[in-house]
Amino acid sequence: MNDKITTPQTIVLIITTLIGVWITTLPATLAEKSGPDSWLMVIIGGGISVLGAAIVTSTGRQFPEKTFIEYSVETLGVFGHLFNLGLIIYLVILTGMVVRIFGEVIKVFLLDRTPIEVIILTMLALCVYLTRHGIEPIARTAEVLLPILMLPVIIIYLMIILFNGDLSNFMPFLRLDFKEIIAGTKATVVSFLGFEVLLLFIPLMQNPHQSTYSSFVAILMVSILYLFVVVTVIAVLGIVETSLLIWPGISVLRMTETAGTVFPRMDVVILSLWSIAGFTTISPMLFASAFGISRILKAREFKSFIVPLVPVAYMIAMFPKDVLEARKAVEAVSNMGLFYIFVVPLLILTAHWIRRRVLNR
Amino acid sequence: MLGFLKNLFKKKQPEKIYTRPLRINDRLSRNLEKNLETFKNIFKDCDDVIFKRFCFGPDGKSKGLLIFIDGLVEKERIHYGILEPLIYEINLKTFNNKKEFLGIDYIVDQGITAPEVKRTKEMRELVEAALSGETVLIIEGFNEGVIVGTRGWKSRNVEEPTSESAVRGPREGFVENLKTNTTLIRRRLRDNELKVKMYKVGTRTNTEVAVLYVEDLANPEVVKEVDNRIRKINKDAIQESGEIEQLIEDDWLSPFPQVRYTERPDVAVSSLMEGKIAIIVDTSPFVILVPMSFIGLLQTSEDYFERWYIASFIRLLRFTGIFISLMMPGLYVALIAFHPGMIPTPLALSIAATREGVPFTALVEALIMSFSIELLREAGLRLPAPIGQTVGMVGGIIVGEAAVRAGIVSPIMVIIVAFTAISSFATPNYSLAAGIRVLTFVVLGAAAFLGLYGIALVFMALVVHLVTLKSFGSHYLSPLVSARLIELLDTFIRAPLFMLKYRPGVSRPQEYKRQRNERRDNPPREESED
């Protein structure tokens, strides 16, 4: 089975993995933490994410045939096993949390009388249907869904900012102190989480040496989109209002009336697309979890591990009591993600370097 | 896991390849009477088989036997091609020369004037030939038979295709006769690279199947795959290319047709020129084209014969149509039942006003109307044309109007269902439209349970299904996944002809470049006026 993805497919896959639940919450977090300078945070955060991606991929490129699971053990020994376990736990928890937040949005805006369990389980079932086919169909699905997702989002937000935007909301200009910058940047970097699936996906690429390039392009695209959304939301709603909302990215669509004279009720469109964004985020994560487990157990194929993951992810998803708790949990988990992006690969690189230079001499 | 277990427990079976239907073990003998006896035994109680004995040669010493089936042969050909030269002319010639025994070589080479002649010692082959309309000639003293091509029977003339009419384009359509169909293609494609491979499929019907492809364009892997799949067919009767289609398609669970069928030779030829493969089945006027993509099913030959603005507009219209026919009832039910707040207020009010007094929920209403329109369509299809139209009128207009007046359904529901039906008619491929019609009900069900979210789920599941679906090794969703961007010029729109320099990638042709037409405009030559 030729189950490898091309470089453009990798780019698209990373973009769709990154664009997910965060796009609706990011403006609120940023407005709360950095006020009018949120736009700057997106740029800095994007830059730092690119750095993180560079670390992850350049580590992976040292071992183009192997996933994180194998090369961590190879370089770090016993600690490698620990890190592997941690990575899988992190991925599963992240999958569960993303599903939960996804379900919350659907419940709040579309199906207020449907139990959230139904929403979560149907979404997970759909993801199982896709991930069982392997990485290549996941990437191809992303290829088909990305234009369907992006074009309406861009058009609708563009209309909103043109009709309702007020750029004076970004005044005063550049008035942040260092602490606020750190807080805002971290919030942005967290919203870029998802590209750590590259720790596992590099050997699945046809050209592993292009992984850094792919992740650069992908993060650049996503940064532009995030910047656009953050600017639109804050320009329309203002700082205070944005920070008070839970899902300002969607609420902004309901609150605007002027743009609605052309196409009334555009939130219908966006909310339908929201399912696509969630789907293309959850599937690669679910796949990464199952794929990682199969690599740890040295199993021949990953398919058998997908279905057992569903109840686990479901239980994790149902664990937080409400949205706020879920978001807190995500913030806690995301620290782990940052650890796996910035710290662990550097550890591995160092260990690899030591093994090669010092021990072999 | 399950797949692994299945592989573990599945015994490896040798691949079955089409078994010959006629179990004939008799052999030809040199004795004519004995041969006659054998053939009469084989064609026992087949009263349409004619055995004609005749004498020829010097003094009528040589004896011959003709076997053919009444109605499948043109008797004039037998007369002028076999009997007259053998009985009359050989006699004269040999009288003038020496009076020697006539060899079979001599008879075939100089005696028979019919153009198609084949010699064989196989009894089975002779019987098959006779059954397919050839004439079998056996001569006393030889254990070898001669097959003379004398096929000819009444068949429909080449007429305008009824299921795929075009405003502009040739008016010829395929017919039930295989040879006529290959002729229609060959006449449009005068290229020695056009290959015609013949198969016999159907263990009892022995239906002839022709596989046509352009050898230096079609992908050899696909040709081989088609060959394999056709050889594997082991069914007693093949009457229509639809049966072949179902037996060779990739995924029998899919609601989407993975091959295209056409009644138009121009469509077949343009597909062949894209490196696709045409499968013609005798007795069927529908030619199968593989490999096919989803987008390919939405194209018509007219797209390329019209100017590009019009063609592009019509294509976009068709895509909208397929989207509407899939989503419309589901969207309506989702909006009414789950998200009434998302309908613009004035519209919501007027819908609520029309729905007042309707006793059913939106779902039941939609089901009733969709079901009745499907019934109407089926009824109209099966009845003779004039009555069918009447049924359509009565059902559509009178019953619809009455149902609204009686308060069973709301007028807006009638509009939606009618609109869906019209959109479905705009899909050029009937099997695709039928598949979409089934999916409409799936979308409806999902919308009734989970509203817009349910529709989105079904849509994404469909995308996943389409993305993983393959047609003879090619991606079914071809230009949209893993293809060169330039193909988008000929997908949703149809760019001006000179821009379409490449063949579509779905057929994985050996040669991508299709034209080197660089010219953008043809300026009038400036003539100097003196």
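Helices (H or I, at least four residues) and strands (E, at least two) are DSSP runs, numbered from the N terminus. With that in hand, here is the tour.

This is a predicted model, in which local features need pLDDT of at least 70, side-chain atom pairs count only at pLDDT 80 or more, and totals for chains, interfaces and linings use all residues. Residues are numbered from 1 along each chain as its sequence is written, chains are lettered from A and ligands numbered from 1 in the order in which they are written, and side-chain values use heavy atoms, with hydrogens and water left out.

**Stop 1: H9 of chain B**

Select residues 265-273 of chain B, which form helix H9. Seven of the nine residues are buried, where buried means under 20% relative accessible area, exposed over 50%, and partly exposed in between (1.4 Å probe, protein chains only). Color the buried ones: Pro265(B), Asp266(B), Val267(B), Ala268(B), Val269(B), Ser271(B) and Leu272(B). Then step just past the helix to Gly275(B), where phi is positive, about 90°.

**Stop 2: positive phi outside glycine**

Go to Asp45(B). Its phi is near 60°, a positive value in a residue other than glycine. Asp45(B) sits in the loop between helix H2 (32-42) and strand S1 (49-56) of chain B. Is Asp45(B) buried or exposed? It counts as exposed, at 70% relative accessibility.

Now pick Asn206(B). Here too phi is positive, about 55°, and the residue is not a glycine. Look for Asn206(B) in the loop between strand S6 (194-201) and strand S7 (207-214) of chain B. Asn206(B) is buried, with a relative accessible area of 15%.

**Stop 3: a cis proline**

Select Val290(B) and Pro291(B). A cis peptide bond joins them, with omega about -15°. Pro291(B) lies in the loop between strand S10 (287-290) and helix H10 (294-297) of chain B.

**Stop 4: Ser312 of chain B**

Show the side chain of Ser312(B), in helix H12 (residues 308-337) of chain B. Ser312(B) counts as buried, at 7% relative accessibility. Which backbone oxygen lies 2.8 Å from a polar atom of its side chain? That of Trp308(B). Next, show what Ser312(B) touches (contact means heavy atoms within 4.5 Å). Leaving aside neighbours within four places in sequence, Ser312(B) is in contact with Phe492(B), Ile493(B) and Arg494(B).

**Stop 5: domains of chain B**

Zoom out and color by domain; the bounds come from an automatic or database domain assignment. Chain B has domain 1 (32-148), domain 2 (178-290) and domain 3 (305-475). The C-alpha centres of domain 1 and domain 3 of chain B are 63 Å apart.

**Stop 6: where the chains meet**

Show both chains. The contact takes 35 residues from chain A and 26 residues from chain B. Together the chains bury about 2,500 Å², 74% of it on carbon and sulfur atoms. Buried area is the accessible area (1.4 Å probe) that two parts lose on being put together, summed over both.

On the chain A side, select helices H5 (78-109), H6 (116-131), H7 (135-164) and H13 (267-296), the elements that each give two or more residues to the side touching chain B. By class, that side of chain A has 20 nonpolar, eight polar and seven charged residues. Ala, Val, Leu, Ile, Met, Phe, Trp, Tyr, Cys and Pro count as nonpolar, Asp, Glu, Lys and Arg as charged, and the others, Gly among them, as polar.

Methods. A polar contact is a pair of N or O atoms within 3.5 Å; within protein, one must be able to donate a hydrogen and the other to accept it, and residues adjacent in sequence count only if both atoms are side-chain atoms.
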